[in-house]
Amino acid sequence: MLIAITGGIGSGKSVVSRVLDAMGYEVYDCDSRARAIIDNSGEILLEIAGCISDDVIDENGALDRKALASIVFADSAKLEILNGITHGAVRRDLAEWKNRRWGGSRPIFVETAILYQSGIDRMVDEVWEVTAPFEERVARVMARDGIDREAVCRRIESQKIVVDSPHENVKVIINDGFTPLLPQIIDCVALSDT
């Protein structure tokens, strides 16, 4: 079984993933894999520069992620272009990763902030939606990334979509800072293993 761990920026997806990793489960992290794929593909870097801006490539020929973020989180059309460039490569990489691990008795996981936009929702058997109050998410991202409230709100807004047909098998994990997280994860694993 392949299970998606998803939720908006600052919701705590990575915390859930780290707990699962500590429990011995394998987790594919879409963000870090996308970074590795982009960093190791001159073709993708050139496509990003050509479609978004030459300013996103630094003097060493590497992707300037801060410059890229400032452009795409302020321009939804450019964010859509970036997603179009990267999503197919990530889905192919995820499929290969899954095939190398498939056949075991335990579930494997994929962490993604943009489950439906990326098309990964069609690859998973189950979805764990990590939620947190809006203000808590904003505070977490401001502290983590050292960016201002306005930048965080733009990122949150850029992740919003209306889903016509949500995944049929969704479990919700509340990460509000008060509700104990570990028992929720253990319960979800137990339900998914049956």
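The largest pocket in this predicted model has a volume of about 1,600 Å³, where a pocket is an open set of points on a 1 Å grid over the protein atoms alone, at which a 1.4 Å probe fits, with protein on both sides within 12 Å along at least five of seven lines. Of the 50 residues that line the largest pocket, those closest to its centre are Asp-31, Arg-35, Phe-73, Arg-155 and Gln-159, a lining residue being one with an atom within 4 Å of a point. Local features need pLDDT of at least 70, side-chain atom pairs count only at pLDDT 80 or more, and totals for linings use all residues. Residues are numbered from 1 along each chain, and side-chain values use heavy atoms, without hydrogens and water.

**Largest pocket**
- Helices that give two or more residues to this lining include H1 (13-22), H2 (30-39) and H5 (76-101), and H5 provides the largest share, nine residues.
- By class, the lining of the largest pocket holds 19 nonpolar, 15 polar and 16 charged residues.

**Second largest pocket**
- The second largest pocket contains about 380 Å³ of space, and of its 21 lining residues the closest to its centre are Gly-7, Gly-8, Ala-113, Glu-129 and Gln-159.
- Its lining divides into 11 nonpolar, seven polar and three charged residues.

**Helices H4 and H5**
- The axes of H4 and H5, which are lines fitted to C-alpha atoms over the stretch in contact, come within 7 Å and cross at roughly 125 degrees.
- Leu-68, Ile-71 and Val-72 of H4 meet Ser-76, Lys-78, Leu-79 and Leu-82 of H5, with contact meaning heavy atoms within 4.5 Å.

How values were computed:
Grid points are joined across faces, edges and corners, and a volume is the space filled by probe spheres set on the points. Helices (H or I, at least four residues) and strands (E, at least two) are DSSP runs, numbered from the N terminus. Ala, Val, Leu, Ile, Met, Phe, Trp, Tyr, Cys and Pro count as nonpolar, Asp, Glu, Lys and Arg as charged, and the others, Gly among them, as polar. Axes are lines fitted to C-alpha atoms, for helices over the stretch in contact, and angles run from 0 to 180 degrees between N-to-C directions.
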